[in-house]
Amino acid sequence: MPVSKTKDSPGKHFINDPTQLVSFALKSVKYANPSTSIDEPNKIVYRKDASPDNVALVSGGGAGHEPSFAGFVGDGILRAAVSGTIFASPSVKQIYNCISQRVGENSGVLLIVMNYTGDVLHFGLATEKARAQGLDIEMVVVGEDVGVGREKSGKVGRRGMAGTVFVHKICGALAATGASLKECAGIARLVSKNLVTLGSSLSHVHIPGTAEMDECVELDEDELELGMGIHNERGCRRMKIPKIDCLVSTMLKQLLAGDDKDRAYLGPVTMGQEFVLMVNNLGGVSPLELGGVTAHVVESLEEEYQIKPKRVYSGTYMTSLNGHGFSITLLRLADTGLGCGKDMLSLLDAAHETLGWSSCVCSSTWSRPPSAPAPLIECDPTPTSSLRMDIPVFITTLKNGLKKIIEAEPELTRFDCLVGDGDCGTGLKRGAEAVIGFMKAGAVTEDPVSTVSRIAGVVEESMDGTSGALTSIYLNALVQALRNGSEATKVTGVDASVWAKAGMAALSDLGRYTPAQPGDRTMMDALYPFLAEFEKTGDVVRAAKEARAGADKTKGMKPKLGRTVYIEQVGDIPDPGAVGIAVLVEGLAGI
């Protein structure tokens, strides 16, 4: 059966005119950073005021890589940045106008250019024109990609990737100290020489205002592109999507393996070498997922290569529009030879005033030794009572209900994705699995108060969201109701009537924390009729049927609480929480 093509990168955008898009994106920099201004016709973002005694760093390239390059304009990094159209180099005229008229007085101009043919040619020609006019100018080309090996890249060389941002930051901080043009250019080449970057993406991106890509270019649903460039270029290979630890291990091997003659750009990694890590978002990865990737990279570096990065940068530094991928960059720290305060780490930590360099952790914080968190002290004793229940009956009954919840997870998740935030089914499943694990561990005792109290703790730890909070509150209230009932009646045996009375009393206590009532389209539409019928008749089967009827009534019911209130039409979708209660109690009843 053929795999359907991925829909990770749809051709839907808020701004579909690419010219307008680039223009307004550049203007946003001056609005967010008042120290900058913009030359709109030439698409140049530049600093308003800068020291004439400092080297002026200039960079640029095609748009679509934001915050690179305009986002790094500001005190401490770039003096100016020139933008082309999306994925296209700026013209020689744009670059020359930037060098000659927008960088202000300076002690020399350093162009930092990524290794792409159009960029190198256009910035190179502008450099020669500037030199012909007597300007003191140098150009450094950065290419640190290991997705393409020496043999394949040939005379073209390695592509420039997110590691270029390290060159910007280090050289920008050095220029701010008053260093000479020769010193700044030398450090730019030193940083570039010690950089390696590799990207990975789940899809190719769609450029606003263009037709959809041919299907032969797109990736299948279960594929990723390893070594993908930042302009939609094909990578070194396509592969089935592996688990993240396997993917990270594969990428690190390509970055660091000294036995790969075609790609061992750093040579063999030896003990004592120090590195800085950047995990860069190519534009479409959520911060949550990027954080998970970053943790895997840091831990794999230590486990597989005994490398503990001196700095870890995780965020969005150089994108490929909304690319659903990330890149890993490693910078091997090398001696700059410039003395105290001008080493690579100090320059990375140096103050700046830009939008793109998101790290705000100071040197002193990084230098503190790590410390393990103090252990938590368990201070809540488990309550007990004189009540006694049949353990096998309790386990069998509850397990039947919990298994039904686990089986119903896909349906509950589908309902909640349509009318809520999509976490109801998975939350209930996590809680059910955790409670089953608790019972398998032999933790159930004859005392229902002690057992339910401990189950409440399990639910509190395993279930999040609204359903988790309400379930935990209800179970804790049930503990108190069982205890109060046993003390008042002196009853020790636990039968249906004891559970029913305690359940209804706990429901009353739950009302202190939620205004939900039957008819509000919540879990109460199933829970209340179940408990009411159970207390009235003691018949759990009839009570379960009442719960199902209550859940069914939520179809088309106008919501009064929860995220569903923001949806105009819920159609025939029932409330997921109410359905979850119905499924649980049907399992308890054995129907």
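1. Helices and strands in this note are DSSP runs, helices having at least four residues and strands at least two, numbered from the N terminus. Asp245 lies in one of these runs, helix H7. The structure is a predicted model.

2. Confidence. The protein chain has a mean pLDDT of 91, and 95% of its residues reach 70 or more. Residues 1-9 stay under 50 in pLDDT. For that stretch the model has 24 contacts beyond four places in sequence.

3. Helix H7. How far apart are the end C-alpha atoms of helix H7? They are 18 Å apart, and this agrees with the 18 Å that the 13 residues of H7 (residues 244-256) should span at 1.5 Å a residue. The buried residues of H7 are Leu247, Val248, Met251, Leu252, Gln254, Leu255 and Leu256. An α-helix has 3.6 residues a turn, so residues three or four places apart point the same way.

4. Helices H13 and H14. The axes of helix H13 (residues 424-440) and helix H14 (residues 448-462) come within 9 Å and cross at roughly 140 degrees. Angles over 145 degrees count as roughly antiparallel and those from 65 to 115 as roughly perpendicular, with the rest oblique; H13 and H14 are therefore oblique to each other. H13 passes H14 in a right-handed crossing. On the H13 side, the contact is made by Arg430, Gly431, Ala434, Val435 and Phe438. On the H14 side, Thr451, Arg454, Ile455, Val458, Val459 and Ser462 take part.

5. Val479. This residue lies in helix H15 (residues 465-489). Is Val479 buried or exposed? Its relative accessibility is 6%, so Val479 counts as buried. Leaving aside residues up to four places away in sequence, Val479 touches Pro383, Val449, Val452 and Ser453. Between Val479 and Ala350 there are 57 Å in space, C-alpha to C-alpha, and the two are 129 residues apart in sequence.

6. Helices H16 and H17. Helix H16 (residues 496-510) and helix H17 (residues 524-537) pack with their axes 9 Å apart, at an angle of about 140 degrees. H16 and H17 are therefore oblique to each other. In which hand does H16 pass H17? The crossing of H16 past H17 is left-handed. H16 makes the contact through Ala496, Trp499, Ala500, Lys501, Gly503, Met504, Leu507 and Leu510. H17 contributes Met524, Leu527, Tyr528, Leu531, Ala532, Phe534 and Glu535 to the contact.

7. Helices H11 and H19. Helix H11 (residues 391-407) and helix H19 (residues 576-589) have axes that come within 7 Å and cross at roughly 140 degrees. The H11 and H19 crossing is right-handed. The contact is made on H11 by Thr397, Leu398, Asn400, Gly401, Leu402, Lys404 and Ile405, and on H19 by Gly580, Val583, Leu584, Gly587 and Leu588.

8. Cis peptide bonds. Most residues other than glycine have a negative phi, and most peptide bonds are trans. The peptide bond from Glu66 to Pro67 is cis, with omega near 15 degrees. The peptide bond from Ser68 to Phe69 is also cis, with omega near 10 degrees. Pro67 sits in the loop between strand E3 (56-63) and strand E4 (80-86), and Phe69 lies in the loop between E3 and E4.

9. Positive phi. Lys43 is not a glycine, yet its phi is positive, at about 50 degrees. The place of Lys43 is the loop between strand E1 (36-39) and strand E2 (44-47). Gln306, also not a glycine, has a positive phi of about 55 degrees. Where is Gln306 found? Gln306 is in the loop between H8 and strand E11 (311-315). With a relative accessible area of 53%, Gln306 is exposed.

Methods:
Residues are numbered from 1 along each chain as its sequence is written. This is a predicted model: local features need pLDDT of at least 70, side-chain atom pairs count only at pLDDT 80 or more; totals for chains, interfaces and linings use all residues. Side-chain values use heavy atoms; hydrogens and water are left out. pLDDT is the predictor's confidence in each residue, from 0 to 100. Contact means heavy atoms within 4.5 Å. The expected span of a helix is 1.5 Å times one less than its number of residues. Buried means under 20% relative accessible area, exposed over 50%, partly exposed in between (1.4 Å probe, protein chains only). Axes are lines fitted to C-alpha atoms, for helices over the stretch in contact, and angles run from 0 to 180 degrees between N-to-C directions. Angles under 35 degrees count as roughly parallel, over 145 as roughly antiparallel, 65 to 115 as roughly perpendicular and the rest as oblique. A crossing is left-handed if the near helix is turned anticlockwise from the far one by less than a right angle, and right-handed if clockwise.
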